[in-house]
Amino acid sequence: MTEVTLNRVGALPQIFPNPDDYLFVTGLAGPARDAAHLTNDGVNMFTMAGCMGAATTMGLGVALSAPDRQVVVIAGDGELMMNMGSLATVATESPQNLTIVCIDNGGHGETGGQPGHTSRRTNLAKIADGAGIENILTVGSEDGLKDAAAFVKSGTGPRFLWLRVLVGEPTSFKRNMNPLECRMRFRMAYLGA
Amino acid sequence: MSEAAHRHDDWSRALFTQLKDAGVRLFSFIPDAGNARISEMAYDDNETRCVLLTTEEEGIALAAGADLVGEKSVVMMQSSGVGNCPNFLSFVKGGNFPILLLVSMRGDFGEQNPWQYPMGQAVEPILDAMGVLTFRVDKKEDLEEVASAAINSAFKGGNAAALILSQQFLGAKAF
């Protein structure tokens, strides 16, 4: 695999210049902070701060039930590794409106930077491919962000974007971590009630 | 259709219809003899979708995602699968997600497989601990009323609820 040179801070806004066009579900920790910064903790995003491993299938639930909207899951490598089976569930259902973005820093940044499986031998693009997801892009450099921005709008889903980033702090952003408030504001914004 | 599934045909049709009438459109499951016919019905019906999971906790997340955009769903699992769910029930409790589970019991009335007892006997304490209301069916004639209570507690009362089909209701298999 090629050398990773991409800094995570500032990457998502280049991939999603119009974040209001999407519904987002995120996993916990750094990717949630990067994503919450992207939407300014918007009503079109449900971020988690626990329940590691839930993001992909929660995003699938949104995508299957809101087929008229583009849905994006933003999750870390640890989150994805904890529930790799969810990639098979996504592939079997193959919702055309679902994109999964894995921000992979190769370890557990939230708990002290312990190295993860993807910093060793594990290749998430091959895992997504093996699960049956057909549209996959790997990006590990600033130059690749234009391709990433085109990829998330291209063809049909499900799409898997493997964003390999340098070890480093996620975007500094404080978000609402009350799950009831976040659920209600998401529902009210989507359902208009 | 397998012989084992066939004996569950009548009540499965009634419960599937009851769930559908309550507005459930998304069914998810890890296969079990107790949900075999309902999952087939959910695949076959033009108005419902059935999602095969890889682990039961995925169903909790799927149901929560559906709720975020106003869709009702049911997550179907064997009792052993309840043991895979507690951590994800955190956002259910914290976010008041109205989640409905359908749990078909093992390790219960008449069980002959010793591997099934520990988790079977822990189903209701675990669900209680995570704030999921439990509605247990032991007799065929009680199904409609108990299912109605579970469905209403979730989708009208705004709770997480589990409809538990006991082995007395389902019948234990011989080993």
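How are H2(B) and H8(B) oriented to each other? This tour of a predicted model begins with that pair.

Select helix H2 (residues 9-21) and helix H8 (residues 143-155) of chain B, whose axes lie 11 Å apart and pack at an angle of about 30 degrees. Angles under 35 degrees count as roughly parallel, and H2(B) and H8(B) are therefore roughly parallel to each other. The crossing of H2(B) past H8(B) is right-handed. Display the side chains next: from H2(B), B:Trp11, B:Ala14, B:Leu15, B:Gln18 and B:Leu19 meet B:Leu143, B:Glu144, B:Ala147 and B:Ile151 of H8(B).

Turn now to the sheet of chain B. Six strands form an open sheet with parallel pairing, in the order E2-E1-E3-E4-E6-E5. Strands E2 (49-52) and E5 (133-137) of chain B stand at the edges; each has a single partner strand, so one side of each lacks a neighbour in the sheet. From one strand to the next, the twist averages 20 degrees.

Finally, select the largest nonpolar core, which has 110 residues; A:Leu163, B:Ile60, B:Ala64, B:Ile99 and B:Val103 have the most contacts inside it. Helix H4 (residues 56-68) of chain B supplies the largest share of this core, seven residues. Centre the view on B:Ala64, whose contacts include A:Met58 and A:Gly61 from chain A, and B:Phe91 and B:Ile99 from chain B.

Methods: Residues are numbered from 1 along each chain as its sequence is written. Chains are lettered from A and ligands numbered from 1 in the order in which they are written. This is a predicted model: local features need pLDDT of at least 70, side-chain atom pairs count only at pLDDT 80 or more; totals for chains, interfaces and linings use all residues. A nonpolar core is a set of buried Ala, Val, Leu, Ile, Met, Phe, Trp, Tyr and Cys residues joined through C-beta atoms within 7 Å. A residue is buried if 20 or more other C-beta atoms lie within 10 Å of its own, exposed if 12 or fewer, and partly exposed in between; C-beta atoms are placed from the backbone. Helices (H or I, at least four residues) and strands (E, at least two) are DSSP runs, numbered from the N terminus. Two residues are in contact if their C-beta atoms, placed from the backbone, lie within 7 Å. Two strands pair if DSSP finds at least two bridges between them. Axes are lines fitted to C-alpha atoms, for helices over the stretch in contact, and angles run from 0 to 180 degrees between N-to-C directions. Angles under 35 degrees count as roughly parallel, over 145 as roughly antiparallel, 65 to 115 as roughly perpendicular and the rest as oblique. A crossing is left-handed if the near helix is turned anticlockwise from the far one by less than a right angle, and right-handed if clockwise. Lists of a residue's contacts leave out its neighbours within four places in sequence.
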